Amino acid sequence: ARTLRLVLGDQLNPLHSWFDAVDPEVVYVLMEVRSETDYVLHHAQKILAIFAAMRAFAARLRADGHRVRYISLDDASNRQSLPANLSALVTHYQTQEVQWQAPDEWRVDQTLQQWAEGQALPATVVDTEHFLTARHELPRLFAGRKQWLMEHFYRQMRRRFELLLDASGQPEGGQWNFDHDNRKRWPGTPPEPEDRRAPHDHDALWQMLQQQGVASFGEPQTKQLRWPLDRDEALQHLEHFITRVLPCFGDYEDAMSSRAQRLFHSLLSFALNVKMLQPLEVVRRAEQAYRDGDAPLAAVEGFIRQIIGWREYVRGIYWSQMPGYDERNALAHRLPLPAWFWTGQTRMRCLQHAIGQSLQTAHAHHIQRLMVIGNFALLAGLNPKELHHWYLGIYIDAFEWVELPNTLGMSQWADGGIIATKPYVSSAAYIGRMSDYCHGCAYDPKQKTGEDACPFNALYWDFFLRHRSTFGNNPRMGMAYQQLKKMDPADLTRLQEQAASLRARLDSL
Ligand code: FAD
Ligand code: DLZ
Ligand code: SF4
């Protein structure tokens, strides 16, 4: 074969122009390799879903007439890394050229580039034809600006792709952002939509992973994997979301409940991130629902903002800050993660649910990730890099380009405020307002100190005290420092003692 084309596990986009024509001189290569299963400890469902989706993709390419070489993890010829397998394949097929789609992860990008430099034959990198912005576009869009605000970026995207604009080119409904409408607590109705699950059986795949000694954590759920594994299934998930779920997406976007894990989220992040779905088709479909009168503007605007706004924006941040972004630790936080991150066994009911659900389903929605797990980690002072590895491993949608800026930047403020103008921290009051978690918790959300006091409370006030030199002059945090000023010094000392004692026994909370 003249050309080898490598398809990575998160590049399962059958609409890519590579596949427009069948060429018998081209061999498409997909490989399951230990270097990719093992760079972080992954959730069982993440490995299962990626491998099952890669296999389905290879089958589809073959059915369309393409030549495919699929190297399974237990293939005798597998050298278990991308470059080692590529070298072997080049020799085997006597290839004259190797091509790949630009990887979204810096590590993989480097690996492939370095491999290419050691080869005599030409290597060509093509675009993934997935994202709406180029890898290095963000710094240009923000040229001359001190703060790289997402909202500024988002408005440009709305204009560029003519999304939710009225006839005169102004934002539909007279506002760019309807978030103030989207902060409701979920009272238990309307009922949570049921999941769409195609029947799958991944017992054999799971057995193979076990036999090969691939380590993982979380529940594999081989008989009821909830994630779409090919584009047709992903389109069905999208349609179900648009017609049944989207109308309530906005209202309960920030809500949390011990009785509903999904609430009204789309569960489309896996399908999007492995590129079975294109971001533009997803947001255009949502806009159509608004135009047809099937979903309210606030819900549709909020949903579209997550995809053309946040998703593209964090990718731009990632490429503007790598390499080295993962090393940042602006608040010098160093505590190791408590053991219950791997079991969910803590008496803090909010964390028990958010982590328990993550172990069970490989998913938690945004506010659980940000305002329960991330919030606790930031208040407690957990090591941001360790936390980054945990998030990268546990979530079905976690790929470094999107996970790292969200975890280290948005949630932990470890980048010194590139993404978040102020740290996302709260006491029990916020969690109590947005969820039913506090009801029935072993801790009392109203107490700040004492045996039964909710740990979030003392840690919250102590956070501001500890980081006064960083945040004391931040006008967006003035309120908290005003409140601290009014507190009795003896109370402050008690809060600090309580926080120090909590921090010394995180494992047993
Ligand atoms: P919905 O709530 O239905 O949102 C729709 C879509 O918008 C998502 O599918 C996703 O593609 C996009 N989106 C929403 N918020 C964000 C965001 N902040 N950044 C980028 N895209 C967004 N998302 C990932 O895809 N991968 C990650 O590894 C990841 N890690 C996160 C870590 C932390 C600490 C936080 C706070 C957020 C993280 N997110 C991540 C963002 C968000 O939580 C998930 O995209 C979302 O929960 C996925 O579920 P969903 O598809 O039901 O989302
Ligand atoms: C996450 C993952 C896993 C677990 N396994 C593979 C694999 O065996 N082969 C592969 O090509 N890709 C895999 N992936 C995805 C990659 O690790 C990586 O995250 C993305 O390609 C970078 O964007
Ligand atoms: Fe979480 Fe505190 Fe509420 Fe318990 S009381 S659920 S620990 S916020």
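Figure 1. The shell around ligand 2 is made up of eight nonpolar, three polar and six charged residues. The view is taken from a predicted model. In total, 17 residues surround ligand 2. The closest of these are Gly9, Asp10, Met31, Val33 and Glu36.

**Figure 2. Polar contacts of ligand 2.** A polar backbone atom of methionine 31 lies 2.8 Å from a nitrogen atom of ligand 2. At valine 33, a polar backbone atom is 3.0 Å from an oxygen atom of the ligand. Tyrosine 39 takes part through its side chain, where a polar atom is 3.3 Å from an oxygen atom of ligand 2. Considered by itself, ligand 2 exposes 490 Å², and the protein buries 100% of that area.

Figure 3. Ligand 2 sits in the largest cavity. Helix H1, residues 34-37, and helix H2, residues 44-63, each contribute at least two residues to the shell around this ligand. Helix H2 provides the largest share of that shell, namely three residues.

**Figure 4. Residues surrounding ligand 1.** A shell of 28 residues surrounds ligand 1. His265, Ser266, Leu267, Asn273 and His363 are the closest.

**Figure 5. Polar contacts of ligand 1.** A polar backbone atom of leucine 268 is 3.0 Å from an oxygen atom of ligand 1. From the side chain of asparagine 273, a polar atom lies 2.9 Å from an oxygen atom of the ligand. The side chain of histidine 363 likewise has a polar atom 2.8 Å from an oxygen atom of ligand 1. Taken alone, ligand 1 exposes 810 Å², of which the protein buries 99%.

Figure 6. At least two residues of the shell come from each of helix H9 (269-273), helix H11 (297-321), helix H13 (366-380) and helix H15 (400-411). The largest share, six residues, belongs to helix H15.

Terms used: Residues are numbered from 1 along each chain as its sequence is written. Chains are lettered from A and ligands numbered from 1 in the order in which they are written. This is a predicted model: local features need pLDDT of at least 70, side-chain atom pairs count only at pLDDT 80 or more; totals for chains, interfaces and linings use all residues. Side-chain values use heavy atoms; hydrogens and water are left out. A residue is near a molecule or strand if one of its heavy atoms lies within 4 Å of it. A polar contact is a pair of N or O atoms within 3.5 Å; within protein, one must be able to donate a hydrogen and the other to accept it, and residues adjacent in sequence count only if both atoms are side-chain atoms. Accessible areas come from the Shrake-Rupley method with a 1.4 Å probe; for residues, only the protein chains shown count as cover. On a 1 Å grid over the protein atoms alone, a cavity is a set of points where a 1.4 Å probe fits but cannot get out, and a pocket is an open set with protein on both sides within 12 Å along at least five of seven lines; lining residues have an atom within 4 Å of a point. A molecule sits in a cavity or pocket if more than half of its atoms lie within 2 Å of its grid points. Helices (H or I, at least four residues) and strands (E, at least two) are DSSP runs, numbered from the N terminus. Ala, Val, Leu, Ile, Met, Phe, Trp, Tyr, Cys and Pro count as nonpolar, Asp, Glu, Lys and Arg as charged, and the others, Gly among them, as polar.
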